[in-house]
There are 2 protein chains.
Amino acid sequence: MNAGYDTSIITNHHEAALTQARELRQLARSGQFTSSTSGFAPGLAQGNVVILPKSWADDFLMFCQQNPVACPLLAVSAPGKPILDTLGDDIDIRSDVPEYRIFRHGELSEETNDISDLWRTDMVTFVLGCSFSFEDPLMRAGLSLRNIDCNANVSMYRTNIEMNPSQYFSGNMVVSMRPFKPADAIRAIQITSRYPKSHGAPVHIGHPEMIGIHDLSQPDFGDAVPIHDDEIPVFWACGVTPQLAIANACPPIAITHSPGKMIVTDISNDTLSIF
Amino acid sequence: MNAGYDTSIITNHHEAALTQARELRQLARSGQFTSSTSGFAPGLAQGNVVILPKSWADDFLMFCQQNPVACPLLAVSAPGKPILDTLGDDIDIRSDVPEYRIFRHGELSEETNDISDLWRTDMVTFVLGCSFSFEDPLMRAGLSLRNIDCNANVSMYRTNIEMNPSQYFSGNMVVSMRPFKPADAIRAIQITSRYPKSHGAPVHIGHPEMIGIHDLSQPDFGDAVPIHDDEIPVFWACGVTPQLAIANACPPIAITHSPGKMIVTDISNDTLSIF
């Protein structure tokens, strides 16, 4: 027993988040939760999902290795293994994501809430860190997140920032954007620098046109949010980036999460921070 | 002996900087160096200087304690003691600053290169950390500093940011400004966060009018530098702030360094970084 220091508050917070993560995955599994996961299970890592046949997976692993800011790997499964032991309790990647996108020959063909019927023994799952994971430390530091205040999905945009290509995969970076007052933007840079597995520090601030974004009110993914005159748009690399790389690579089949609708893990972000 | 690791490069770099610091102080002492100290003795801390009679010094110490971002204390001397042992070898604060400003009853009355004739047994010296100290780590990270590229003094501005007042001292913050491309601005925020004794992270980015600066081409202290369209102005708290507080407090006498012309110490910045 630690005399004078009550750890139950921390324990209870973590337990509550774990309970919510597991409930959310169960609701996703049964098709009852199909929304953005932003703001859920605070303190626990959320992940982008890419599922590819083994014959494409090896080269996608190389793509991730060469683009660690956009594609920070939290887990890579063995072929055909749908249970992701290292990320939490009873995570079945075939059903526990709120919504999936199926790409056939690089084209988005459908969205679905369960991919059990598409599963094959050669399917390899990649889980990539997500910027939602640093939203909790930003809020704990007193920063407001417009997407959460608006109950909206975060705004995401295609950019002109070229990724390092692998043999099959290439394309430009997708970024998420959150507007902040200047002092809060500085604080957000400090805080997110601690979380390289959640894309780390921003890749850009202030001049969206420099990265090929010409109208912030027209995001390519997610929802638009208001940006005030005294705010600066802050851009982080986004795990939707692989979806563009898949469109360029044209594998016969690829499965991803739908933007903003992530796999919620049991991993505490604090265990992933670097300082 | 460390087999396989040659520390002489590090040692030689540090020794060269120490030699330059000591030569610069000797040249300042003899009146031969009267310029901005930016870029000199890379890796060693530089300091803002405030010298006050003991009857004012106690309240100024309180002012510094309440405003640690603008006024990070590196040293406070005993009354009447001009040699600053803790900051380096043979530092005489009466002569080793390239240029001094004498304030009488809050008004700037003269600039001089030696204050020996003004020294009194009740004079207390404050040395405050300076943003020049983080210019070396910024350059080592590959960032260009416009003031150094232009061989100019850094641009400094009065702001509308109010300091926390002490009994006698009050006023608004002075900031230094350096323009960077967005990605470099992000990196500069990360790097300078490590150096709280050199004002730490910026206090503002991007919207100078929000902090009361209406024309970047007209700095209140130092020199104007060009800012390009694809750059963001980044603002750090500045150790010239006390000079405004002195103007408000109106002590019969106060002595400071001239903006940009600092006391160069023997202290390695790396010993002052927090991570």
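Is B:Lys54 buried, partly exposed or exposed, and what relative accessibility does B:Lys54 have? At 38% relative accessibility, B:Lys54 counts as partly exposed, where buried stands for under 20% relative accessible area, exposed for over 50%, and partly exposed for values in between (1.4 Å probe, protein chains only). The structure described here is a predicted model, in which local features need pLDDT of at least 70 and side-chain atom pairs count only at pLDDT 80 or more, while totals for chains, interfaces and linings use all residues. Residues are numbered from 1 along each chain as its sequence is written, chains are lettered from A and ligands numbered from 1 in the order in which they are written, and side-chain values use heavy atoms, with hydrogens and water left out.

The secondary structure of chain A comprises six helices and 11 strands, helices (H or I, at least four residues) and strands (E, at least two) being DSSP runs numbered from the N terminus. The radius of gyration of chain A is 18 Å, close to the 19 Å given by the globule rule for 275 residues, so chain A is as compact as a globular protein of that length; the radius is taken over C-alpha atoms, and the rule is 2.2 Å times the number of residues to the power 0.38. Along its principal axes, the C-alpha trace of chain A spans about 55 × 50 × 30 Å. Of the 275 residues of chain A, 56% count as buried. Among contacts (heavy atoms within 4.5 Å) in chain A between residues at least 6 apart in sequence, 79% join residues at least 24 apart. The accessible surface of chain A comes to about 11100 Å², of which 50% belongs to carbon and sulfur atoms; accessible areas come from the Shrake-Rupley method with a 1.4 Å probe, and for residues only the protein chains shown count as cover. Chain A carries 18 positive and 31 negative side chains, the centres of the two sets lying 3 Å apart, where Lys and Arg count as positive and Asp and Glu as negative, His and the chain ends not being counted, and the place of a charge is taken as NZ of Lys, CZ of Arg, CG of Asp or CD of Glu.

Over all chains, a search of the whole structure finds 32 salt bridges, each defined as a side-chain nitrogen of Lys or Arg within 4 Å of a carboxyl oxygen of Asp or Glu. In one of them, the side chains of A:Asp266 and A:Arg22 meet at 2.9 Å, N to O. This pair links distant parts of the chain, with A:Asp266 in strand β11 (residues 263–268) of chain A and A:Arg22 in helix α1 (residues 8–29) of chain A, 244 residues apart. A:Asp266 is buried, with a relative accessible area of 11%, whereas A:Arg22 is partly exposed at 34%. A:Arg22, A:Arg25 and A:Asp266 are linked in a network of salt bridges.

A further salt bridge joins the side chains of A:Arg29 and A:Asp90 (3.4 Å, N to O). A:Arg29 lies in helix α1 of chain A and A:Asp90 in the loop between β2 (73–76) and β3 (100–104) of chain A, so this pair ties together parts that are 61 residues apart in sequence. Both partners are partly exposed, A:Arg29 at 27% relative accessibility and A:Asp90 with a relative accessible area of 39%. In chain B, B:Asp58 forms a salt bridge with B:Lys54, the closest N and O atoms being 3.0 Å apart. Both residues lie in helix α2 (residues 54–66) of chain B, four residues apart, about one turn of the helix, and B:Asp58 is partly exposed, with a relative accessible area of 45%.

Helix α6 (residues 241–249) of chain A is mostly covered, seven of its nine residues being buried, among them A:Leu244, A:Ile246 and A:Ala249. Just after this helix, A:Cys250 takes a positive phi of about 55°, although A:Cys250 is not a glycine. Most residues other than glycine have a negative phi. A:Cys250 lies in the loop between α6 and β10 (254–257) of chain A and, at 37% relative accessibility, counts as partly exposed. B:His105 likewise has a positive phi, of about 50°, although not a glycine; B:His105 is placed in the loop between β3 (100–104) and β4 (107–112) of chain B and counts as exposed at 53% relative accessibility.
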